[in-house]
Amino acid sequence: MALQIHPSVGVARLGNSPINAVPSPVIAVSPNDPSNICLSPDTIGGLPFNGDGNGPIVKFKDDAGRIKRQGQLFRVFKDNGIDELTLDSPEVASMEWTVHLANKKAAWYQYSELQGNLLYGQENSYQNQNIPFRNPEMVTEAQRQTLIVDPGPRTISGRDSSVGFDKDNVPAGYPAQYPPDTVQYGVAVKTLGALWTDKSGRLIVLGGSGCAGGNLPLTSYGGSSTWHDDISDGPVYCTITFNDGSPAVSLSAWVIVGSPDFAPEIVNISTLSDTMFDVGVRNLNLVPQMYNNGIWNPQFKANYYRDIFPIIDRMGRYQWVSNVQPMQAAVNGPFDYADPSPENKTNRMNFYNLFRQNDAEPPVKGNSSGQSYPQEQLFSSEETGKMFPMMPLNSGSNSVSNTNIMKFMALDETQLFLLAQWAEGNFDNNRDYLPYPVHPLDAGSVGNCVGLPMCPGIEVTWSLQNPVLYAAPYVIQQYKDEAWYQANGLTPSRDECEGGGCEPGDLTKRMACPWQADFFQCTVQYINFTDIYANKATLPDGSKAPLPPSYYSYWWPPQSPWDVLVGEFTAEGQAATHVPPGEQMNYARGINSFVQMVEYWYALGFLRDKNANAENGYPFIVETERNNDLFTYKEIHIGQISGNVQDWDTTLPVFYIEPDKGKVKKRSLLAANMVEHMEEAAFKAIETLTGAATLPRSGSRSRR
């Protein structure tokens, strides 16, 4: 019997609502309390499910204002991908699940944009680029291994069971590694989450609680030495035994634990599913009738609703998390995008020509070849009075440093090919289209993650563009000598992009540590668009700033929103947030540094479509569940700054966190709960190193 686990790569997300199992007085009731968790969506752009799996999520937070962890449900299907096997199936005797989560961030190299990416050749390796390690004082492999958060594997079986990735249940003989129990700043990482089974024996992987801590002040968005967080990833195994005595079947998958998705109904223009699909098409023979032996098939017929509409729809939804008027103008053109007629070809070609092509390789500072690079181009036309920004208006995968520059985003190669087929008229608009050979649960899981740009990204980074990481399309290649690391522990410096498969922790180790620091700063970017070989200039004080002239662009607003509509529609809610509904405000208002983001990330709101599933189908996506009582609001008179009394009648809104937690506690029960939560977690105030790179990546403190 051919069986598979779906999703092949699952995505769970952090949350700080407690998940402790609760005792049940009735055997038939699950001992795992589902009320404080949710389950990952199984479609791209779908809402998470309530913890019991019944219906879309009602509330993203618990009654104390803490975020529910998003668990990834893993299921076993027969080879038709439709029929499921569970403990309720008459032929199944048992299902045993094993998961090995790890966090390798502290043992890896310092984050360095695209340096280290072997897709640009071995000369771009970490060693050849002289990239230092995080925690460079730890020199030997044995020392660096102690920096890995590696609780070892956990095994679970049966119905309504649970087990944590904690110190007190490490498998016998496994050389587990945990960071120190106490830290000078933040909160120590003591667990990477838990495993549950549901009433039918399916697996739910729950990640950590958003803890991050260290013993040195934070220095930048990339993090600091001595710091750890509880992001993780690793393999998922299932062994199924049968009642008829037939041989047991062993299966495997992978899980990524990422940061919360604060706008789940808004999808990145190029998702991680698009990245995996592109790798599969161009390297793993996924759709041979489209791409074979290194050649695109010009006769391949695209489908508008499968291949083109998602790009247009995603670009249109960016308006709820960013201000991208040119992108709105592009997707609201005066023609029918689904019309394949020859008469409509000029309109389709004009739209297609708005999209920049991919750079063959990023330009390196000092290269004076004069070569033109598509991803350095901002405007599609620079004739006098005629210019329009090229699409998409996202930052490229390196608009930050002056090495391996990639200023503006381009769609991946497969997306661009399909868009070109559509522009030429080689497409149909049949809604009953033939899907690609990818299981919808596989695409639906990673389709809610960032695919491009990757600098580094949000959940994972550019390593997922490398075909050596895959055993098959959408399937992660696992380390071939698993028995070695089960006996000796995980390796700290081995680069899986050189081949040989992935160990636990390899997919997330290139991300910022702590994740909250980069989440705060990786929002907008001022991008130079005239000098191919430079992104930033050195100021007289030695700091770096965007090289003018520059253009205001975004990183990945569906994952890290920037401009949002406040969604408080009651007098009480508006009194708390000080903003009327319909007014677009900065999403992170009141969290004014990456240090504050480490402490108060869970106070952020969730974007939700208030008109979802309505007959008219018009989205109305607004901010909900923000912990407004944490923030203090004041209006600053311009005259206070200018000294001009004539400026007094104009004010600017200012949001900030009151340092006196006693004052915050008195505001409401929710505010008191938030403060008490941090006290219970023993959160220690964080410092930043004097002279540290505290500026956002854009080089500007201005958060309009």
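**Helix α6 and its neighbours**

Modeller: The axes of helix α3 (residues 304–317) and helix α6 come within 10 Å and cross at roughly 105°. Axes are lines fitted to C-alpha atoms, for helices over the stretch in contact, with angles running from 0 to 180 degrees between N-to-C directions. Helices are DSSP runs (H or I, at least four residues), as strands are (E, at least two), numbered from the N terminus.

Colleague: On what basis are these values given?

Modeller: This is a predicted model, in which local features need pLDDT of at least 70 and side-chain atom pairs count only at pLDDT 80 or more, while totals for chains, interfaces and linings use all residues. Residues are numbered from 1 along each chain as its sequence is written, and side-chain values use heavy atoms, with hydrogens and water left out.

Colleague: Why are α3 and α6 called roughly perpendicular?

Modeller: Angles of 65 to 115 degrees count as roughly perpendicular, under 35 as roughly parallel, over 145 as roughly antiparallel and the rest as oblique. The crossing is roughly 105°, and α3 and α6 are therefore roughly perpendicular.

Colleague: Which residues of α3 and α6 meet?

Modeller: Tyr304, Asp307, Ile308, Ile311 and Arg314 of α3 are in contact with Gln415, Leu418, Leu419 and Trp422 of α6, contact meaning heavy atoms within 4.5 Å. By class, these are 6 nonpolar, 1 polar and 2 charged residues. Ala, Val, Leu, Ile, Met, Phe, Trp, Tyr, Cys and Pro count as nonpolar, Asp, Glu, Lys and Arg as charged, and the others, Gly among them, as polar.

Colleague: How are α2 and α6 set to each other?

Modeller: The axes of α2 (residues 272–283) and α6 come within 8 Å and cross at roughly 80°, and the two helices are therefore roughly perpendicular. Asp274, Phe277, Asp278, Val281 and Arg282 of α2 make this contact with Glu413, Thr414 and Gln415 of α6. It divides into 2 nonpolar, 2 polar and 4 charged residues.

Colleague: How does the span of α6 stand to the expected one?

Modeller: The expected span is 1.5 Å times one less than the number of residues. Helix α6 (residues 413–424) has 12 residues and reaches 17 Å from its first C-alpha to its last, close to the expected 16 Å.

Colleague: What follows just after α6?

Modeller: Glycine 425 comes there, with a positive phi of about 95°.
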